[in-house]
Amino acid sequence: MNNYELMVIFTPVLSEDEFKAAQKKFTALVTEAGGSIIHENPWGLKSLAYPIQKKTTGLYWVLEYTAPSDFNEKLKIQLLRDENVLRHLCTKLDKFAVEYNAKKNSGVKTGTEKAVEAQ
Amino acid sequence: MAKNEIKYLTAIKTDKHVKKFCRFKKYGIRYVDYKDVEFLKKFLNEQGKLLPRRITGNSLKFQRRVSDAVKKARQMALLPYVADLLK
């Protein structure tokens, strides 16, 4: 079992329910494969830094999960087949990343705040 | 002429040199998050290009992680590949 983080940009044309359904579809895939969801964070509509497929906005969704190491290949196929997905990025998290995300999710300061202010 | 009069060949340096530091070591940051755009912007110039280690003062280990994080952020359209006025 490894820790992963998935970020998906969905098309902005999805309605609230369709967005929820799309999220459910991928979380179901994780749980079916024997993994577990750690944290889910729908960022919602955000403007993109540059247009993707002639769209200037996208629905962002971040998912943290644990899964067996062969699961990501299967997930990737599903993501690429889904035409609502503009782009996705899957990152493997090391122990520092897990700690960082846990802190961030619980609202504790992560230490980067000071570094942002200091210039 | 007084014997203990001090003369300088060159002007004395008055401005103090500020030592560069690696902000990751100083603040104890161990993970560079690609989602934290405001933080990553510290390491970019106006055009959205990565600043060199020479200027940021990062250690090599963290400069690599910063560059990976910036590249991920660019892929996910959180940061632009090219920009005119980023900051």
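A salt bridge is a side-chain nitrogen of Lys or Arg within 4 Å of a carboxyl oxygen of Asp or Glu. By that criterion, A:Glu5, A:Lys104, B:Asp33 and B:Lys35 are linked in a network of salt bridges.

This is a predicted model, in which local features need pLDDT of at least 70, side-chain atom pairs count only at pLDDT 80 or more, and totals for chains, interfaces and linings use all residues; side-chain values use heavy atoms, with hydrogens and water left out. Residues are numbered from 1 along each chain as its sequence is written, while chains are lettered from A and ligands numbered from 1 in the order in which they are written.

**Confidence**

The predictor gives the complex an ipTM of 0.84 and a pTM of 0.81. Chain B has a mean pLDDT (the predictor's confidence in each residue, from 0 to 100) of 86, and 98% of its residues reach 70 or more. Within chain B, confidence is highest in H4(B), at a mean of 93, and lowest in H1(B), at 84.

**Chain A overall**

Chain A contains 4 helices and 4 strands. Helices (H or I, at least four residues) and strands (E, at least two) are DSSP runs, numbered from the N terminus. Their order along the sequence is β-α-β-β-α-β-α-α. The C-alpha trace of chain A spans about 40 × 35 × 20 Å along its principal axes.

Chain A has 119 residues, of which 39% count as buried. Buried means under 20% relative accessible area, exposed over 50%, and partly exposed in between (1.4 Å probe, protein chains only). Chain A exposes about 6700 Å², and carbon and sulfur atoms supply 51% of that area. Accessible areas come from the Shrake-Rupley method with a 1.4 Å probe; for residues, only the protein chains shown count as cover. Of the contacts (heavy atoms within 4.5 Å) in chain A with a separation of 6 or more, 72% are between residues 24 or more positions apart.

**Salt bridges**

Side chains of opposite charge can pair when their charged atoms come close. Over all chains, the structure holds 7 salt bridges. Three of these pairs are tabulated here.

| Pair | N to O distance |
|---|---|
| A:Lys74 and A:Asp70 | 3.9 Å |
| B:Arg30 and A:Glu99 | 3.3 Å |
| A:Lys104 and B:Asp33 | 3.6 Å |

The salt bridge between A:Lys104 and B:Asp33 crosses between chains, from helix H3 of chain A to the loop between H1 and H2 of chain B. A:Lys104 is partly exposed, with a relative accessible area of 40%, whereas B:Asp33 is buried because its relative accessibility is 2%.

B:Arg30 forms a salt bridge with A:Glu99. This pair also crosses between chains, linking the loop between H1 and helix H2 (37–40) of chain B to helix H3 (residues 95–106) of chain A. B:Arg30 is partly exposed at 42% relative accessible area, and A:Glu99 is partly exposed at 34%.

In chain A, A:Asp70 pairs with A:Lys74. A:Asp70 counts as partly exposed because its relative accessible area is 46%.

**Buried residues**

A:Val62 is placed in strand E3 (residues 55–67) of chain A and counts as buried because its relative accessibility is 6%. A:Met7 is 55 residues from A:Val62 in sequence, but the two C-alpha atoms are 4.5 Å apart. Beyond residues up to four places away in sequence, A:Val62 touches a set of residues including A:Glu5, A:Met7, A:Trp43 and B:Lys35.

A:Leu14 is found in the loop between strand E1 (2–10) and helix H1 (16–32) of chain A. With 12% relative accessibility, A:Leu14 is buried. Neighbours within four places aside, A:Leu14 is in contact with A:Phe19, A:Leu59 and A:Asn84. A:Leu59 is 45 residues from A:Leu14 in sequence and 8.3 Å away, C-alpha to C-alpha.

B:Arg74 lies in helix H4 (residues 60–75) of chain B. B:Arg74 is buried yet has no salt bridge, and the nearest side chain of opposite charge, B:Asp68, is 10 Å away. For charge, Lys and Arg count as positive and Asp and Glu as negative; His and the chain ends are not counted. Apart from its neighbours within four places in sequence, B:Arg74 has contacts with residues that include A:Tyr50, B:Leu44 and B:Tyr81.

**A nonpolar patch**

B:Ile6, B:Tyr8 and B:Ile12 make a nonpolar surface patch of about 380 Å². Patches are made of residues with over 30% relative accessible area and no salt bridge: like charges are joined within 9 Å, nonpolar side chains (Val, Leu, Ile, Met, Phe, Trp, Tyr) within 5 Å. B:Ile12 is located in the segment before helix H1 (23–27) of chain B and counts as exposed because its relative accessibility is 55%.
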